[in-house]
Amino acid sequence: MLRTIAHRLTLAPLTLLLVSFVTFIILRVTGNPVDIYLDINRTPEQVAALTERLHLDKPLLVQYLIYLRDLVQGDFGQSLQYGGPAIDAVITSIGPTLRLLSAALLLAVTLGTVAGLVAAVYRDRFPDAVLSALAVAGQSMPSFWLGILLIQLFALKMQWLPTSGSGGFKYLILPALTLSAVLLPNFMLVTRTAVLDLMNEQFVATARAKGLSRIRILLTHILPNAANPLLSFLGIQIGTLMGGSIITESIFGWPGIGRLMISAVSNRDAPVVLATVFLVSITIILANLVVDVLHSIIDPRIRH
Amino acid sequence: MARSLFKGQLKLWLGGGFVLAVVLMAIFADWIAPYDPYRQNLLMRLKPPAWMEGGSTRHLLGTDNYGRDLLSRLIYGARISLLVGVSSMVLSCTIGLVAGIFAGYKGGRCEQVIMRLADAHMAFPDILLAIVMVAAMGGGAFNLILVLGISRWMIYARVIFGLTRSIKQRPFVEAAASYGAKDVYITFRHILPQLVPVLTVLAALQVAQMILQETALSFLGLGVPPPAATWGNILAEGRDRLFVAPWIANAAGLAIILLVLSVNLFGNGLRERFDPRMRQAA
């Protein structure tokens with residue numbers, strides 16, 4: 001187990017290096033920063049100063065190394081839109097994104113577990129047919145349209161909830177629902193399969209022979225054993241969830257990383273784009289690390 | 001058994017039929033669409049669909065903010081969604097196939113490099129990469145195909161890698177190698193045909209994902225730039241008029257989910273036909 005974590009920890013800097021390299025090259029090669037940072041009325045002195053500051057006269061590889069050196073010191077450069085350091089804009093948007101992600105995760109995991117259990121217990125009967133059909137439809141549902149439908153129903157028609165923005169708990173409900181739908185259908189189907197697989201295990205037959213109630217078997221014998229495949233699934237899906245967050249945030253005007261990133265992209269604010277991409281990568285790596293640790297806590301067999 | 005076979009067939013026919021209809025609609029858009037999708041008519045702005053109050057049969061699905069006929073825009077929009085969806089699937093499938101066969105057949109360092117790269121890429125949200133690339137290169141159908149094609153190669157690579165490695169150890173490949181067949185010959189003659197069923201299913205299902213990605217990027221304003229009629233663009237325009245003209249967003253959303261659902265149905269139907277294990281389980 002420790003070896004897996006150590007392996008991940010050595011792989012993490014490599015991944016980050018790769019991410020920073022790819023994004024840096026993509027953003028530098030395709031646009032001349034002088035055209036992006038300065039307007040048409042620029043003076044030669046301004047151009048010279050910018051070239052000096054961004055080291056544009058040096059080879060691309062040297063520029064990247066300088067960029068990396070600054071990055072290690074936590075300096076992502078100055079934001080074009082906001083003036084201040086790019087990292088500041090990113091840090092203020094972490095909170096809202098984390099709030100949205102955890103609410104969506106909580107919703108998807110609880111609803112998905114319950115629905116998956118029900119579908120497995122009533123396998124091939126009516127509840128299973130309905131839930132599985134819903135899941136397949138849910139997989140085809142673009143989250144941006146789901147968000148728009150929810151706005152129409154709960155914000156415009158019923159006027160129970162605000163259409164967009166951020167504030168109290170009321171503002172969180174629709175975005176969290178929308179984002180959870182990215183994960184929910186697959187989570188339900190994985191739960192269903194995991195539970196069905198476990199039902200054929202010997203220890204379940206033993207528990208049944210002992211005369212334990214079905215619900216007790218489900219909750220104390222099957223569910224804990226299903227936790228591990230579900231956790232692995234979550235680990236793989238964290239990236240998808242982060243991606244879904246970008247779309248959800250821009251539907252609902254949620255002031256998180258995703259919206260910041262989209263606005264940075266449309267304003268060609270390269271330092272902020274790089275900083276957000278970097279931060280998202282770190283989050284994904286950390287989340288996978290947490291998943292690994294949880295694995296060993298849940299399943300003692302992995303520890304040895 | 002007979003019933004499950006029928007079920008698989010039904011999915012195939014239902015999904016495939018709808019997809020075919022959309023394909024035909026896209027090809028013959030010039031004849032089918034009642035109006036020019038770009039012709040503006042400010043006197044006919046934001047007219048609701050025919051079945052709603054104030055709607056007329058002249059514009060069956062109503063009009064948008066510029067008085068453009070929504071039905072015509074949807075019909076033409078299918079072109080871009082299908083073009084981008086299918087082309088980017090072909091691109092990512094090709095990259096993934098070559099990488100997967102290479103890693104699986106050669107093994108060793110080659111496998112290490114390619115598969116670690118795939119792992120690293122897998123952990124990274126594909127929409128994030130797409131956003132960064134579109135930001136750098138600009139929108140447009142061609143760039144979208146390129147971006148989406150690159151952002152999903154590893155899904156094919158991982159599946160093909162596993163399959164190739166197991167096929168390579170089968171007796172007929174070993175026999176071919178023992179009488180001196182070249183690697184390239186073995187790949188095309190013995191390995192590739194074995195991969196076709198899995199690849200077909202995977203490709204069909206991935207087209208649905210690609211269409212969703214394309215509409216998502218268009219929706220974020222990073223796809224084919226307006227005024228191009230794409231389903232994502234129509235949906236994004238509809239979001240801004242949600243209060244006065246909800247039918248715009250809903251028509252586009254419905255079009256997207258129907259197409260994606262039928263592509264998924266078609267793919268699942270294919271899988272049940274090709275994979276005997278699944279057929280028995282179903």
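This is a predicted model: local features need pLDDT of at least 70, side-chain atom pairs count only at pLDDT 80 or more; totals for chains, interfaces and linings use all residues.

Trainee: Ok. At what angle do α9(B) and α11(B) pack?

Mentor: About 170 degrees, and their axes lie 8 Å apart. Therefore α9(B) and α11(B) are roughly antiparallel to each other. The axes are lines fitted to C-alpha atoms, for helices over the stretch in contact, with angles from 0 to 180 degrees between N-to-C directions. The helices themselves are DSSP runs (H or I, at least four residues; strands are E, at least two), numbered from the N terminus.

Trainee: Which residues of α9(B) and α11(B) make that contact?

Mentor: On α9(B) they include B:Pro197, B:Val201, B:Ala204 and B:Ile211, and on α11(B) they include B:Ile256, B:Val260, B:Asn264 and B:Phe274. Contact means that two C-beta atoms, placed from the backbone, lie within 7 Å. By class there are 15 nonpolar, four polar and one charged residues. For those classes, Ala, Val, Leu, Ile, Met, Phe, Trp, Tyr, Cys and Pro are nonpolar, Asp, Glu, Lys and Arg are charged, and the others, Gly among them, are polar.

Trainee: What about α11(B) on its own, how many of its residues are buried?

Mentor: 21 of the 29, so α11(B) is largely enclosed by the rest of the structure. Buried means 20 or more other C-beta atoms within 10 Å of a residue's own, exposed means 12 or fewer, and partly exposed is in between, with C-beta atoms placed from the backbone. α11(B) covers residues 246-274 and reaches 42 Å from its first C-alpha to its last, close to the 42 Å expected. That expectation is 1.5 Å times one less than the number of residues.

Trainee: Now the two chains together. How many residues does each of chain A and chain B put into the contact?

Mentor: Chain B puts in 33 residues and chain A 37. On the chain B side, the elements giving two or more residues are α4, α5, α9, α10 and α11. α5(B) gives the most, with nine residues. That side of chain B splits into 27 nonpolar, four polar and two charged residues.

Trainee: And α5(B), how many of its residues are buried?

Mentor: Eleven of twelve, so α5(B) is largely enclosed by the rest of the structure. Among the buried ones are B:Asp126, B:Ile131 and B:Val132.

Trainee: Which residues have the most contacts inside the largest nonpolar core?

Mentor: A:Val273, B:Leu74, B:Ile131, B:Val132 and B:Ala252, in a core of 150 residues. Helix α3 of chain B (residues 70-106) gives the most to this core, with 15 residues. A nonpolar core here is a set of buried Ala, Val, Leu, Ile, Met, Phe, Trp, Tyr and Cys residues joined through C-beta atoms within 7 Å. Leaving aside neighbours within four places in sequence, B:Leu74 touches B:Leu61, B:Ile234, B:Ala251, B:Ala252 and B:Ala255.

Trainee: Zooming out, how many helices and strands are in chain B?

Mentor: Twelve helices and zero strands. Chain A has 13 helices and zero strands. The C-alpha atoms of chain B fill a box of roughly 75 × 50 × 30 Å along the principal axes, and for chain A the spans are about 85 × 55 × 30 Å. Buried residues are 47% of the 282 in chain B and 34% of the 304 in chain A.

Trainee: Last one, what's up with phi of A:Asp124?

Mentor: It's positive, near 65 degrees, in a residue other than glycine. Most residues other than glycine have a negative phi, and most peptide bonds are trans. A:Asp124 sits in the loop between α5 and α6 of chain A. With 8 C-beta neighbours inside 10 Å, A:Asp124 counts as exposed. Elsewhere in chain A, α4(A) is followed by A:Gly74, whose phi is positive, near 80 degrees.

Terms used
Residues are numbered from 1 along each chain as its sequence is written. Chains are lettered from A and ligands numbered from 1 in the order in which they are written. Angles under 35 degrees count as roughly parallel, over 145 as roughly antiparallel, 65 to 115 as roughly perpendicular and the rest as oblique.
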